[in-house]
Amino acid sequence: MNNLLHIHSSANLHGSTSRQIGAQLVARLQHTHPGLQVVERDLAKDPLPHIDENFISVIYSDPNHPNLKLSNQLVDELIQADVIVIEAAMYNFGIPSTLKAWIDHVARAGRTFSYGEGGPKGLLTGKKLHLVLGRGGVYSAGPSQAFDFQEPYLKSVLGFLGLTDVEVIRIEGTSMGKTEEALEAARQKVATA
Ligand SMILES: Cc1cc2nc3c(=O)[nH]c(=O)nc-3n(C[C@H](O)[C@H](O)[C@H](O)COP(=O)(O)O)c2cc1C
């Protein structure tokens, strides 16, 4: 394990729980894997453009077109990573739109997935994915489970790309006075990562 890609997406730059636990997780992985190289993408501080007409006009015909330079760079970062840490806040039951923009750039037929006779195939195989999820409510159990479009979506779309070896750290109930207890539970998971 040589390269780690660390994605931040909470728009809360100073009090975010997913940023706090994500930083501790990456520090832990650096400790257990000396020499690990970390590449960071902060999608809140440096948002990506939405995919647009320039992207769509070449995506099916010319994978090396200059219009796809940024997309190809983002895909290269993923391909080079052995381990990927994605922090996500829950906004309106889903993920931050900045993270969705990143997904739109990296979900690329021919680069991160392919269509074959057996159907679609993820090409990002042999990598470990850690999801660090902050959410105001509790979705892992109970009546709100059906409202969780954060964790199932990330697991589905990233699994589609081949990232099926997934560990999830949830920080739940941060809007319900449970932040400290949720952070402590998350820290315990980090300690065994
Ligand atoms: C714009 C906005 C939308 C939110 N929507 C939800 C939501 O739909 N469900 C929920 O449980 N919490 C929601 N929250 C609360 C966040 O999920 C919570 O603050 C969480 O801790 C965010 O992660 P972070 O601490 O890493 O920033 C929302 C917060 C904001 C600012």
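Helix H1 is the top contributor to the shell around the ligand, giving three residues. Keep in mind that this is a predicted model.

**The ligand's surroundings**
- There are 17 residues around the ligand, and the ones that come nearest are Ser18, Ala89, Gly134, Gly136 and Gly137.
- Helix H1 covers residues 17-32 and strand E6 covers 128-135, and each of them supplies at least two residues of the shell.
- Sort the shell by class and you get eleven polar residues, four nonpolar ones and two charged ones.

**Strand E6 and its partner**
- Strand E6 also has a neighbour to pair with: strand E7, residues 165-172, runs parallel to E6, and eight bridges link the two.
- To get from E6 to E7, the chain goes through helix H5 (residues 151-160), making a right-handed β-α-β crossover.

**Where H3 meets H4**
- Helix H3 (residues 69-80) packs against helix H4 (residues 97-106) at an angle of about 90 degrees, and their axes are 8 Å apart.
- So H3 is roughly perpendicular to H4, because angles of 65 to 115 degrees count that way.
- On the H3 side, the contact uses Leu70, Ser71, Leu74, Val75 and Leu78, while H4 brings Trp102, His105 and Val106.
- The residues of this contact between H3 and H4 are six nonpolar and two polar, with no charged ones.

Notes
Residues numbered from 1 in each chain as written. Predicted model: local features only at pLDDT ≥ 70, side-chain atom pairs only at ≥ 80, totals over all residues. Near = placed C-beta within 6 Å. Helix = DSSP H or I, 4+ residues; strand = E, 2+ residues; numbered from the N terminus. Nonpolar A, V, L, I, M, F, W, Y, C, P; charged D, E, K, R; others polar. Pairing = 2+ DSSP bridges. Right-handed = clockwise from strand over helix to strand, strands pointing away. Axes fitted to C-alpha atoms, helices over the stretch in contact; angles between N-to-C directions. Parallel < 35°, antiparallel > 145°, perpendicular 65-115°, else oblique. Contact = placed C-beta atoms within 7 Å.
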